[in-house]
Amino acid sequence: MVTYLIKRLFQMVPVVIGISVIVFFLLHMIPGDPAMVLLGQDASQSEIERLRNLMGLNEPLYVQLFTFLKNVATGDLGHSIFQNESVFSLIAKHLPATLELAVVAMLIALVIAIPLGILSAVKQFSWVDYISMFFAQLGVSIPVFWMGMLLIIGLSVNLNWFPSFGRGEPLTEALWTAITTGNIYDLVQSLRSLFLPALTLGVMSAALITRMVRSTMLEVLKEDYVRTAEAKGVSGFMVIVKHAFRNALIPVITIVGLQFGNLLGGAIVTETVFAWPGIGRLVITAISQRDFPVVQGSVFIIAFLFALTNLIVDILYAVVNPKIQQR
């Protein structure tokens, strides 16, 4: 297992570097000059050229790319052109909010999808199955930004149950305060602020996971060992949980891992709709400002987290099915 982990870690390197290179060239294809954006339209050409030289923007693209990759190898993601702060510190400020949003959204998705998918498979072609598949199709079809706006109009504007934008106190800090002091006010406010954006992302993921759970459970329920367990008098609940669902987990783990990676990258739209101060909003702001170092560093971190998620999924394979580890 240790050899396998080391091998996978080395395989992550070209993937992350490849994504960074692609993003680097795509960014430099976007019209606009960071120096002109920073100095304004009234700046003289000499001032713009002087600033471009200071920022290294007059260097050939391959030189800029080599400099970026060399700095990344030493742990330096660069310096923001507009915010006068290191990219690493900016990401460190915004990434916890995105991780908090993605984790809670995935928990919501699993709470919805796993029971619904299992019930849909066990009660195939029943009204429960039809309703769950309708929900799954609806969740896949509705754009994330539209889902977010519907939830804002319904649950925030009309009912005033949840805030429509912004983030309360970080969830971990609010939880620690509630545990140590017994005061749950900050925790409640933090959960209220988190609920709508997490539900927006969670419903989308829940739709895909529900369909995967249903399809894999339908295949497993037809296996001989399931019928044997039923013939031996094992309770229906134990047959479903212990024999069927565990053997259906591997493809479900795959889709959950991929969806969590998508939540990290796809949270950009949701964070914009709900003014959530995560890395997604940081990237959107940086793109509009042509702040190349911030975009490159943020995408590099997101790509690394996505690759790391895939590694964790592979480890879970071996935990769920030891035969995979033996191979």
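A: Buried means under 20% relative accessible area, exposed over 50%, and partly exposed in between (1.4 Å probe, protein chains only). Val269 therefore counts as partly exposed, its relative accessible area being 39%. The model is predicted, so local features need pLDDT of at least 70 and side-chain atom pairs pLDDT 80 or more, while totals for chains, interfaces and linings use all residues. Residues are numbered from 1 along each chain as its sequence is written, and side-chain values use heavy atoms, without hydrogens and water.

Val269 itself lies in helix H12, residues 249-273, whereas helix H7, residues 144-158, supplies four residues, the largest share of the patch. Helices here are DSSP runs of H or I, at least four residues long.

H7 also has a buried set: Val144, Met147, Gly148, Leu151, Ile152, Leu155 and Ser156. At Ile152, one of these buried residues, H7 bends by about 30° (the angle between axes fitted to the seven residues ending there and the seven starting there). After H7 comes Asn160, with a positive phi near 55°. In the loop between H7 and helix H8 (171-181) lies Phe162, which counts as buried at 16% relative accessibility. Phe195, in helix H9 (residues 185-220), is partly exposed at 29%.

Conventions
Helices (H or I, at least four residues) and strands (E, at least two) are DSSP runs, numbered from the N terminus.
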